[in-house]
Every structure is written in structure tokens, then in C-alpha cells.
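Please read it alongside the structure shown here.

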Amino acid sequence: MAPSVNYHCPCLSSAATPPPPNLPSSSYSFHPLHTLYFCEECDAVRCNRCVSVEVSGYYCPNCLFEVPSASVRAEKNRCARNCFQCPHCRNTLSVVPSDPPDAGDLTSSTIQIGSIGEPPFFLYCNYCRWDSAEVGITFEKPTGLALQLQKTEDSAPDSLEFERLKEHFEPFLRASSLSASTSHLPSTSHAPHTHTNPITAAASSALARDIPGVGKYNPSLGRSGGPGGGGGRSGRDRTANKDEMPEYRSRVQIGGAGSGGDEDADLMRHLEVPAEIARLEQRWVSSWATSLQSKHLKPLRIPLHSKPTKRCPSCRHILIKPEQKAQSVKYKIKLVAANYLPAITAHLPHAQIPKRPVALKSSVTSSTGPPAAEEDTAEPTMVAGKTYPFQLALTNPLYDPIHVRLAVQRAPLPPQLQSQDTAGTTDKEKEKTRRPPFAVSLPTSAFPIAAFAEAWEYEDEEELFDEDGGLVDKSSPAKDRAGKGKTKTVGVLEKKANCTVVGGEVVIGREGRGDVKFNMLVSYTYRSDDPAPSDGGEGDVEPRSPTAPKAAPEMKTFSFFTVVDLGVIVPKDETKVE
Amino acid sequence: MSAPGTPRARVAEPATPIPARIGSTVQSSPHYTTTRRHSLYGTEDRIILDPGSRIWKVGFSGEGRPRDVMLVADSQHGETSLWKLTRLEGDVGMEEQERMLEAMLQDRLRAVFHDSLLTDPKSRKVIIVENALLPLYIKEMIARILFNNLQVPSISFASSHLLALLGVGRITGLVLDCGYLESTALPLFASRPLFPNLRTTPLAGARLTNHLRALLLYFGEYYPPLTSLGGSANTPAASHPKRVPAEILTDAVMEEIKMRCCFVGPALDDAENLTGSPALEADSSVELEVPPSDMSIEDSEASHSPSHRASMDVDMASVSVPSGSTSLSVDAAPHVRQGEAYLRKLRKMYERNSTATNLAFKVVPPPGSQTGTGRGTLIVPGWIRERGAEVLFDGGDVDESSVAEVILDALLKVPVDLRKTLASSILVVGGTPMLPGFIPRLHAELIQALTRPLPSPSPRTSRARNTSTRNANKPNPPPYDHYASIRPLAPHIAILNNPSPDSSSATGVVRSSRASAHAGKAPAFTPAVLPWVGGSLAGALKIGGEEIAREKWDEATGGQDDEIGPDESMEVVDERPRRAPHILPDWSRAPLLPGAPPAPRPQQLPAMSQQAAVGA
């Protein structure tokens, strides 16, 4: 697995610091940069888990028809035109005419999709060859299929039964709401939020409470037999209908429909091929007892998609606004974090040894003492008890140069232990887990990243960048690397255009295991000249000095957390060194 | 004040409920006949969310079926359900577990609104179909996410059992919800859930899956894919069945086997028949369907299930260890585990009682041995298909009643006057009853439990008579019969949504007229979706339960846990879940209405419209 850098969005917890990266839940707080947004008003990162989403338009993903929101509701978020899905493989179905009676196969297939064809049209799946004639669905015209199917859907048994249920309950509710409004006392006592004297409430509710077996006197219900009727009748009748609810008579009784009963059990008992039974996903949306068999599945209308508008959850400013047209993939407003935060990529040089085997590798391995065996382990893993360099490449998206400072977040436990310590003290498992399995060192001082500019502007600036380094490093890596050796793995390694590569080092404890994953605070200082980047100063000679021509009030700092995941530690006993 | 908009808005606010009230009272208006488009954009429709531990059903009120059904378990990490019956011990583990759950819930809830329903959550009231045993912390989590993250205007929680009853047009009945983690029986009278009489058992979908997996590991056969496509090169190894590798029985495969292969056969022969069988005579007890060794294997499986992550792998490992040590011929195994012995007894018993065909099931071969071509073949024996679900009907355990016993236990607890009414209006909902034959079998089990002949007391009593003198003049105590007091109810037992009410009358019990008037008379909604349909109905009738408005929530929570926390507050990491305010109504912490019986719900029926008025 390649090393990754994800960015923190603080929406999940109120704490300012991100959760420790070794918790599994922390993965929900970190996101890849390209999924994040940036609110300029709040000056904060927003993620897909916290932005509020509104629908700015609906469209069918198949025919790309924009559906007005008024009809979305009536069509139940489905395409109301000719778009259907195969119930078996979810492929899009196409409308085909019946075979003309006697024409040659060749000619009929060429004109099949077109308008000519024999009247009984049906839906056909090009992938699994299912066609809707199998379930008895054919069409007279090749257009407006959904409309033709609508009639059967409207008279679907579940919706009819549902309406009947509503009619069944409405008189009852009407009666009870009437009684509640006329007789004031019981209703107020039962409504949980009316403030009455608790004593009267208690008394009235005690009076009004239902005694099992004794029907409540309720004149508005027109209870047959009246108030005295309950006691006088035979035992069976008395208990038959105690809840004062008239018996509901189903339109279609499940006893008659038979699904799920003995017939289906018989079908299952003599089943030969499991595929004859529809899968769970194919059945679970249907609320009506239907056949188990997959050959009875009906074509599905294609669900609509929406074009969402995304807003900052706190200031309501729009972060994402797509263009209205379904065919367009552009945005009217697009405030993505990638335009504001430096992009960071991580990689492990030792993992890339096989790719570029020349000078770099040899210099690294010779200079740093321990990793002599490193050449053997070509795979990008890290062995416990060793030290590895890693590189972070930061790319500046801003039109201004920035100064970046990196800091590893201190773990809540005593951090930064040397590997010797861990090895010395740990015999018990507890101790091992308590020790941080690795320690990370990063350049502590701020380093500059040049401004983003169009590609052609970089050519002649190279020297300028080289000159004004002023910091720990020179930018040509190969020369210095050999001379300075180990110190050079930590620090700025390379600067090129708006990208700066810094090196870090991770020391893995002998008993270390798990992932090398740490939180890193990135703070960058930029010159805030307000929304409009007024100066054309990409070619500015010294963009990175804090003592820039325009000084303190113009500088702004933004900090954000990232998690760097370098990979898995291979326990030491697997590959014993020396 | 300079804001004329404020009074206007205030006028408009009560105006919204009034048409609603009129609509519900003045029935003759054409308002409801054109209900299909009674609101153009449908913002009046509520969102009905039925959040199970494994499967969620979502949709709009007033519709007959959910818009979308989704599997919410984190299957990438081998989880089979969002939450489990157990929580991790200790602060650290539990907090982490809660954070995980909250993050996943947030994912799913956002997906509900943005991917499935494609609607703006800020304009939609939500009705949550709430299982009676939905843990409070999950309930609060859901409310917190809906209010803070999605900013819905109001939430109401409605009991799933009650909603299921509404879905069949009733307000009184005994509802068994047989879901994934638990089966819960709850009696309801006149729309009041009798929560103190609730009974529950962990025999449900998850247990069935584990049982099926264990059976398949022992008795299934696996044919690896051909090693090469060349016809002559087929090694004999490919044609011989192998033991089922545990890795192929992934959760998805198990679910598909459950769905496409399994069903529930008719009741096994009565206990005497089984006691005579040589396999089981060792441990003959009164209810012989459960030999005591049952506990061991079930425990060994169950004890792993709460383990935090990858419980499935652990499960399978624990089961597969013996199967790995024993070779293909199980009989030659040097040490036969108790569980295995038990499973073999089961097999003998089940095989005799099954006529189902064996099925060949195509499975992806385990990743380790990707030598072959294509897919392997798993043979699912017919008896496993038919009798795998027997585990749900195995009773006799005090802690884990069978699904039939849990109904009877609930019946035992309800007041005597209600028993007959409730016994003849049993409703079975949930995903597990979707197994073909489940409900008729459940009916048969209920009858059988109530009519099972008592063990003849003769030997013991005669001995007692001879030996003990102090009891000589007293009548012998009758043998203990747990269900003695409800035995007379046997003719009245009726399951409302029994798909074959007539076939199950072959149990010899003459059904009472009331029972036959009720059995199978429910509308033909599927058991799994019934609570959702009831919720949709309740939403359409505007009786969705007590509403909690967002203002109230914000007030109670102090509006602090807004989505964007104060960035600089360094102090709190874990205070957030603790701040759960007690404004969510729940029966388990019901402040009893003074003087009233512990049933606050039914009065909400009339109060509902007022609630809506206040909230709107």
C-alpha cells in the first residue's frame, strides 16, 4: 500500500485536536484532499460529512433528462420516461420491437433500435438477455413506457391496500380527536405537554384510564350496545373487540395470497437451482407478498440522480454549486480545499529502490548505517527496529508563496521514545502497547514553497529559487546527500517550482508493530491580500522570507491537521537483521 | 418592531396545521381522494426510517412501499450488523465503539437523505420506527445526527410493534418482531404497548446464520473449481468433495444461502418419537429438541460475537479449527468435540425429517487457493436447507427461549382478560419470518407447546407415594408445566399474517371461531416491511408519535454541539456523548404520568394532531 496523507476535518468532534490515528474511528475524521471543501467565510475546511446538501436539480442518469422537482415526487424519484433496469443484472434495458414475422434476421437486427418494428414492444437486456415479455410486459408504442406502466403501478395491490388502511383508521382518529376536543379534561391530561395542575391531571387520567376488559365509555364512537352493553353479553363477545376498533377487512388477505406459506416452502423443498429464487436485494423493496421466483421479477425504473448544492454548515455559504444542465459537469461555484491547502504526498524512498537504482540508493544506504539489509527487502515494508527516511512533497496551490511549518502531533502517551528504551523495558504486552511503536522526526523550521504559477513561467526562475534558500538546505539533492549523510534525510530536500520536498525520518521501535501512522500539524503562512490576488508577484525575488516587503499585518497563518500513513511495520522476528 | 415579517410568520405558522386538521376531520373533502399529489413537492410527507441493526428501510409517508432498502452493516470490516447486543467494556473501548458507530450512523443517515431519497433534510420531518429494545444511546445518537448534522425540523419515535399492527389495520395484538439480533414479543392493547410484558430472545437471524454456518462447515461439501480448463487434465482432486473451507462462507454467501436456499419445514415429530431415536437417547429430557450440549456450541459461538472487530473471522476460526484437524472422514477424528457430536445428532434427526433436495451453490473459492478456474461449488444438503432454522424453534432454555416460547411467555405475562384477545391476534414481523414456511411452523409450534401431553407423572408419583409418608394424604403435585395457565388458549391461537392458515390446522386442535376469523386475515404485506408500512400509514394519518422539534433539541443541548465545534476548545473530547439530554421520550425511562398506567402512547392518538400543530 502506498503511503497516504489524509486531511482532517474537525466536524466529528468538538475537540481542536484530531483523534489519535491508531483509533479505527479516526479514519472518519480524515479525508483525501480532493474530497474536501474550503469555506472562505469561516476560513475552515469542510468535508462531505458536515456540509449541508441541497438538491439543485434532478436528472435521469440514463437519458440525462432534467426532471422538474414537482414531478420527482409523483414519480417516486424514478425516471418517468423510457429508462428501465434489468431486474436481474441491473443493466439498462432497451426497447426492442417484436421480430417481424418473416424478415431475415440480419435486416431486422439492423433496424431494431429504430422506429420501425412490430407493435408489441418489450424491454430487452443486452447483457443477460432477459426480456420483459417473460413477465408479460409488452407495449404498444415504443415511447412513454413508464406512462403505460403507470396504470398497473397505480393499481398495485400494496398502494390500494394502503389507501384502504387509511380509510379504515381515519374515522377512528376523527372520532378520537373530536372527543379530545369536546371533552377537554381527558385530552389535556393525556397530552404530554400541556401544563395543568398535576393533581387534576392525575385524577383525570386515573378516571379516564382504560381498565382491561371494560370498554371506555365514549359516546362519539357509537359503540354498539352503548355503555351497558359490554357487561351484558356473552364472554366471547365481550372480549372480542375490546379496543373499540372496528375490524379491518383486508383487500387481499395474506392467507389467500399464500406467499411465504406452504406453497413457497414446497417450492423451496423441490428447488434444483438456487438461481430460481430471487435474491434479497431483488425482493426487499417490495412490501407486498410476491413470488419468490426470480423469473417473476419486474423491470425496474431507473432511479434519478440529483445535482447537489453544498453549503457550509455554519455560515450557509455555498461551497459547491453545479451547473443546472444535466449534461454539464461544470460548477458555478467550486470552493474545494485543493485550491487552498498545500497538497501533500508522501513516499518512502526505500520502497522505490527497484525503480531508480542508481546513485540515490547507494548513497542513502551507504551513508546511513543500519539499513544494510535494506537492499534485500525490496518491498515497501518497514521492519521493526530500523530507521527509515521518508519524503513529503508539498505543493502550493496559491498564487502566493507560503511558509510551511510541520509538526508531529504529540501522542497522549509519552512519545518519542528511543528504540533502545522500548526494547529494554518491554517484556510484557502491556508495556509494548503503551510504548509508541515509532518515533518521527521532521524538519522543525519553517520552509518556503514557491507560488503556483502557470507551467511556462517556471523555467527561468529556477536559479532564483536556488539562490535565496537561506535555510538549512540546498536544493540539489544528490550532491549534498553524499556529503552530509544522515542529517540530510531530515530537512528540505528539493525545491522545484511550487513543490517542495522535505525529508523526515521514522525510527521504529524493536517491538513496534501496527501501522506507521501519525498526525501532523501543518501550518502555513501566506500573505493575505484579500480575495483578489492583486499583485502579479509570482516572480518575486524573495517570496519566502518572513520579513517580506509588506510585513506583519499582511501575513496570515492557517493550520490544519493531516494524518500520514506510511505503511505497516513488519515485526522483527520475521526478518531478523544481522 | 421593525420586522413585519415576524408577525406574519407567526400567523402563518398555526395556519399550516389547520388545513391538516381539517383534512383529517372533514373527510368528505376531495383532499384525500387526490392524495397522490396533495402536496406538490411533498414536503408535508414525512420520512419514515426503519433503522434495523442490519437493514434499513426508508421512504416517504403515504406510500405503500419503502423507497429504498439498504444493508447498513460495515461489511468491509466483516461486521454483520451496525451494533450488537453487547457493548465493549471499559471507557476507552466503549467510547471508541460509540465513535465508530456514530460515524457509521452518520454515513448511513446522510446517504438516506442524499442518495436514496434525494431530498432536503431541512424540510422533512422524520418518523423513526423504533424497536422497543433499541438501545438508548443509539437512539440519542440518531437524534443527535439528525438534528445537528442534518438539521431535520422534527423527529418522532414510534414503536415498531405498534406500527406493524397499524399496518394490518389493528391496534391490539401480540407482535413478534424477529429481526437480526433479537426476537421480541410485545403485547399491545388499544395501541398501548404493554412494555412491561415484553419478552425477548436472542434466537433470531444472526443466530440462524451462525448455526447454518456451523452446519455447512461440518456437513456441506465443497468442490473446488477445476484446476485447468483442459478437459483431460481434471485431476481427481477436483471431483472429490472437500471439507468446506471456512473462508468461503462469507457473510454475503451466508446471506444468500439463507435467502435463496433455506426454508422452514413442518414441525418435527413429537418428543416421544425423538426419544426413541438411538441418537438422542443419551440425553432424553422432556423437551428433547434441545439436548443440553446445545449450550456449549452456541456459547462458543456466541462468546466470540461481541468481540469488537472481525467477529466473523473469529467465529469461523473457532469453528474451523476442529474441522481442520479432522480430515474429510469425520468419523476417524481422534477427538470429537462435544459440539460436533451434537451437530451429528442433529444431522441424524434432521436428515430423517427432511425431503428437500440438495442444492449446488456457486461460490468464490478462498483467496488462498486461487489455483483453479472459475468458481467452486458448495453443496448445501437438503436437510440443512429445511432444518437449519430449527435452531430458532429449539426451546427449553431459560435464557434463550424459542421464538414460540417467547410469544407464550409474553402471553403468560399479560393480564388474564387480554390473553384470549391477544392470542388470537398474533402478528409476526421482521426479516427472519420471510423464510418460507416460518409462520405456519411458528403456529404449529405454538399449538404444540400448548397441547403437548404432560410427561406422565406415574413413576415419580408412585415412588413418592411409596416412599414418602409426609405427603401421603396430599394430592400429588402435578408435573411442572410452565404454560399450564394458558393451555386453554390453544384453540384461540391465530397468527394474523399466517400465509397458510388452513394447513396448520392439521395439528389436531379445533380452532375457535375467533381464531379462524383472524388467522391469515392480515393484508398481504411482507413481514419484513410491515413496521415500515405502518410508519408510512402513521405519517399519512399524522399520528406519528410525540414529535421532538429541533428548537427543543437545540434548547436542551444548549446548541453547543453544533456541527462545527469551537475550534479552540481544547478541553473536551469525550464530553459529547454524555451531553445526551433526556428529552427523547422512551418507555424505559418513562416518567410515569401521575396516576396513569404506564402507557402514555394511546392518548397520543388524539393528541397527535395537536402535536403536529405545535411542531409545524
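## Pairing around strand 23 of chain A

How many bridges join strand 22 of chain A to strand 23 of chain A? There are 14 of them, and strand 22 (residues 514-527) runs antiparallel to strand 23; here strands are DSSP runs of E of at least two residues and helices are runs of H or I of at least four, both numbered from the N terminus, and two strands count as paired if DSSP finds at least two bridges between them. Within this pairing, Val516(A) stands opposite Gly567(A) of strand 23.

The model is a predicted one, in which local features need pLDDT of at least 70 and side-chain atom pairs count only at pLDDT 80 or more, while totals for chains, interfaces and linings use all residues. Residues are numbered from 1 along each chain as its sequence is written, chains are lettered from A and ligands numbered from 1 in the order in which they are written, and side-chain values use heavy atoms, with hydrogens and water left out.

Strand 23 of chain A (residues 555-570) also pairs with strand 1 of chain A (residues 4-8), in the antiparallel sense and over four bridges, with Asn6(A) having Val563(A) as its bridge partner. With strand 15 of chain A (residues 382-383), by contrast, strand 23 pairs in the parallel sense over two bridges, and Met382(A) is placed opposite Ile569(A).

## The six-stranded sheet of chain B

Chain B contains an open sheet of six strands in the order 3-2-1-4-5-14, with mixed pairing. Strand 3 (68-71) and strand 14 (547-549) of chain B stand at the edges with a single partner strand each, so one side of each lacks a neighbour in the sheet. From one strand to the next the twist averages 20 degrees, where axes are lines fitted to C-alpha atoms, for helices over the stretch in contact, and angles between N-to-C directions run from 0 to 180 degrees.

Strand 4 (residues 126-130) and strand 5 (residues 154-159) of chain B run parallel and are joined by five bridges, Glu130(B) having Ser159(B) as its partner. Helix 3 of chain B (residues 91-116) packs on the sheet and touches strand 1 (47-51), strand 2 (55-60), strand 3 and strand 4, its direction making about 35 degrees with that of strand 2; contact means heavy atoms within 4.5 Å. Helix 5 of chain B (residues 160-167) lies across strand 4 and strand 5, at about 75 degrees to strand 5.

## Helices of chain B

The axes of helix 6 (residues 205-219) and helix 8 (residues 251-260) of chain B come within 10 Å and cross at roughly 100 degrees. The two helices are therefore roughly perpendicular to each other, a class that covers 65 to 115 degrees.

Helix 4 of chain B (residues 136-149) has 14 residues and reaches 19 Å from its first C-alpha to its last, close to the 20 Å expected at 1.5 Å a residue, the expected span being 1.5 Å times one less than the number of residues.

## Positive phi values

Asn77(A), although not a glycine, has a positive phi of about 60 degrees; Asn77(A) is found in the loop between helix 1 (69-74) and strand 7 (84-85) of chain A and counts as buried at 7% relative accessibility. Ala190(B) has a positive phi near 50 degrees, and is buried with a relative accessible area of 9%.

Technical notes: Angles under 35 degrees count as roughly parallel, over 145 as roughly antiparallel, 65 to 115 as roughly perpendicular and the rest as oblique. Buried means under 20% relative accessible area, exposed over 50%, partly exposed in between (1.4 Å probe, protein chains only).
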